[in-house]
Amino acid sequence: QVQLQESGPGLVKPSQTLSLTCSVSGDSIATPYYYWSWIRQSPGRGIEWVGAITHSGSTHYSSSLKSRTSISRDTSKNQFTLQLNSATPEDTAVYYCARGAGYSYEYWGQGTQVTVSP
(Lines give C-alpha, C1' and ligand atoms only; values in the text may rest on other atoms or scores of the structure.)
Protein backbone atom coordinates (compact mmCIF):
# COMPACT_ATOMS: atom_id res chain seq x y z
CA GLN A 1 0.00 0.00 0.00
CA VAL A 2 1.49 3.30 -1.12
CA GLN A 3 0.98 6.18 1.26
CA LEU A 4 1.85 9.84 0.83
CA GLN A 5 1.88 12.50 3.53
CA GLU A 6 2.28 16.23 3.02
CA SER A 7 3.96 18.39 5.66
CA GLY A 8 4.92 22.02 5.98
CA PRO A 9 3.77 25.38 7.32
CA GLY A 10 0.08 26.13 7.09
CA LEU A 11 0.65 29.88 6.98
CA VAL A 12 3.05 31.73 4.71
CA LYS A 13 3.51 35.47 4.43
CA PRO A 14 3.27 37.15 1.03
CA SER A 15 6.57 37.28 -0.88
CA GLN A 16 7.99 34.40 1.16
CA THR A 17 8.65 30.87 -0.11
CA LEU A 18 5.97 28.24 0.28
CA SER A 19 7.71 24.96 1.03
CA LEU A 20 6.08 21.55 1.40
CA THR A 21 7.46 18.02 1.73
CA CYS A 22 5.81 14.79 0.68
CA SER A 23 6.91 11.67 2.54
CA VAL A 24 6.27 8.44 0.67
CA SER A 25 5.98 4.92 2.08
CA GLY A 26 5.22 1.64 0.39
CA ASP A 27 7.16 2.50 -2.78
CA SER A 28 10.42 4.12 -3.74
CA ILE A 29 10.24 7.46 -5.52
CA ALA A 30 13.05 6.12 -7.72
CA THR A 31 10.99 3.20 -9.00
CA PRO A 32 10.68 3.33 -12.79
CA TYR A 33 8.67 4.91 -14.37
CA TYR A 34 6.48 6.80 -11.96
CA TYR A 35 5.90 10.52 -11.71
CA TRP A 36 5.39 12.22 -8.36
CA SER A 37 3.23 15.31 -8.57
CA TRP A 38 2.06 18.32 -6.62
CA ILE A 39 -1.51 19.43 -7.18
CA ARG A 40 -3.44 22.21 -5.51
CA GLN A 41 -7.10 23.04 -5.12
CA SER A 42 -8.77 26.29 -4.22
CA PRO A 43 -12.36 27.51 -4.46
CA GLY A 44 -11.51 30.19 -6.97
CA ARG A 45 -9.11 28.26 -9.22
CA GLY A 46 -10.32 24.68 -8.93
CA ILE A 47 -7.82 21.85 -9.25
CA GLU A 48 -4.43 22.85 -10.65
CA TRP A 49 -1.43 20.67 -11.38
CA VAL A 50 1.68 22.41 -10.08
CA GLY A 51 4.46 20.14 -11.24
CA ALA A 52 6.11 16.74 -10.98
CA ILE A 53 9.40 14.98 -10.51
CA THR A 54 10.08 11.69 -12.24
CA HIS A 55 11.68 8.49 -10.99
CA SER A 56 14.98 9.70 -12.48
CA GLY A 57 14.81 13.18 -10.97
CA SER A 58 13.66 15.12 -14.04
CA THR A 59 11.18 17.88 -13.31
CA HIS A 60 8.14 19.26 -15.13
CA TYR A 61 6.21 22.38 -14.16
CA SER A 62 2.96 24.08 -14.94
CA SER A 63 3.67 26.79 -17.48
CA SER A 64 1.85 29.35 -15.36
CA LEU A 65 3.94 28.58 -12.26
CA LYS A 66 7.23 27.54 -13.80
CA SER A 67 9.08 30.76 -13.04
CA ARG A 68 8.38 30.41 -9.30
CA THR A 69 8.41 26.62 -8.78
CA SER A 70 11.09 24.13 -7.86
CA ILE A 71 10.57 20.45 -7.07
CA SER A 72 13.40 18.38 -5.63
CA ARG A 73 13.80 15.01 -3.97
CA ASP A 74 15.76 13.18 -1.32
CA THR A 75 15.86 9.52 -2.26
CA SER A 76 17.54 8.58 1.03
CA LYS A 77 14.45 9.83 2.87
CA ASN A 78 12.01 8.87 0.10
CA GLN A 79 10.68 12.42 0.04
CA PHE A 80 10.06 15.08 -2.57
CA THR A 81 9.69 18.77 -1.91
CA LEU A 82 7.83 21.70 -3.45
CA GLN A 83 9.12 25.24 -3.26
CA LEU A 84 6.97 28.07 -4.59
CA ASN A 85 8.75 31.40 -4.44
CA SER A 86 7.26 34.86 -4.03
CA ALA A 87 4.00 33.52 -2.65
CA THR A 88 0.85 35.60 -3.06
CA PRO A 89 -2.63 35.20 -1.57
CA GLU A 90 -3.62 33.56 -4.89
CA ASP A 91 -1.40 30.61 -3.87
CA THR A 92 -3.71 29.87 -0.95
CA ALA A 93 -4.99 26.34 -1.52
CA VAL A 94 -5.08 22.78 -0.32
CA TYR A 95 -1.88 21.20 -1.61
CA TYR A 96 -1.75 17.50 -2.45
CA CYS A 97 1.08 15.22 -3.41
CA ALA A 98 0.29 12.23 -5.57
CA ARG A 99 1.81 9.46 -7.62
CA GLY A 100 1.05 10.01 -11.25
CA ALA A 101 0.68 12.88 -13.66
CA GLY A 102 -1.64 14.22 -16.30
CA TYR A 103 -5.04 12.62 -16.00
CA SER A 104 -3.98 9.56 -14.00
CA TYR A 105 -3.11 9.51 -10.31
CA GLU A 106 -3.02 6.23 -8.41
CA TYR A 107 -2.33 7.47 -4.90
CA TRP A 108 -2.89 10.78 -3.11
CA GLY A 109 -1.90 12.33 0.17
CA GLN A 110 -4.62 13.68 2.39
CA GLY A 111 -3.79 17.27 1.49
CA THR A 112 -2.61 20.20 3.55
CA GLN A 113 -4.09 23.68 3.71
CA VAL A 114 -1.66 26.50 3.01
CA THR A 115 -2.78 30.08 3.51
CA VAL A 116 -0.77 33.02 2.22
CA SER A 117 -1.56 36.00 4.39
CA PRO A 118 0.28 38.79 6.22
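Student: How many helices and strands does the protein chain have?
Tutor: The protein chain has zero helices and eleven strands. Helices (H or I, at least four residues) and strands (E, at least two) are DSSP runs, numbered from the N terminus. This is a predicted model, where local features need pLDDT of at least 70 and side-chain atom pairs count only at pLDDT 80 or more, while totals for chains, interfaces and linings use all residues. Residues are numbered from 1 along each chain as its sequence is written, and side-chain values use heavy atoms, with hydrogens and water left out.

Student: What share of the residues is buried?
Tutor: Of the 118 residues of the protein chain, 41% count as buried. Buried means under 20% relative accessible area, exposed over 50%, and partly exposed in between (1.4 Å probe, protein chains only).

Student: Now the sheet of four strands. What is the strand order?
Tutor: The order is β1-β3-β8-β7, in an open sheet with antiparallel pairing. Two strands pair if DSSP finds at least two bridges between them. β1 (3-7) and β7 (69-74) are at the edges with a single partner strand each, so one side of each has no neighbour in the sheet.

Student: How many bridges pair β7 with β8?
Tutor: Six bridges, in the antiparallel sense, with β8 covering residues 79-84. Asp 74, for instance, has Gln 79 in β8 as its bridge partner.

Student: What holds strands together in general?
Tutor: Strands of a sheet pair through backbone hydrogen bonds, either parallel or antiparallel.

Student: Switching topic: how many disulfides are there in the whole structure?
Tutor: A search finds one disulfide, a pair of cysteine sulfur atoms within 2.5 Å. Cys 22 and Cys 97 form the disulfide, with their sulfur atoms 2.1 Å apart. Cys 22 lies in strand β3 (residues 18-25) and Cys 97 in strand β9 (residues 93-101), so the pair ties together parts that are 75 residues apart in sequence.

Student: Are those two cysteines buried or exposed?
Tutor: Both Cys 22 and Cys 97 are buried.

Student: And where is Val 114?
Tutor: Val 114 is in strand β11 (residues 112-116). Val 114 is buried, with a relative accessible area of 0%.

Student: Which residues is Val 114 in contact with?
Tutor: Leaving aside neighbours within four places in sequence, the contacts of Val 114 include Pro 9, Leu 18, Leu 20 and Tyr 95. Contact means heavy atoms within 4.5 Å. Pro 9 is 105 residues from Val 114 along the chain, yet their C-alpha atoms are separated by 7.0 Å.
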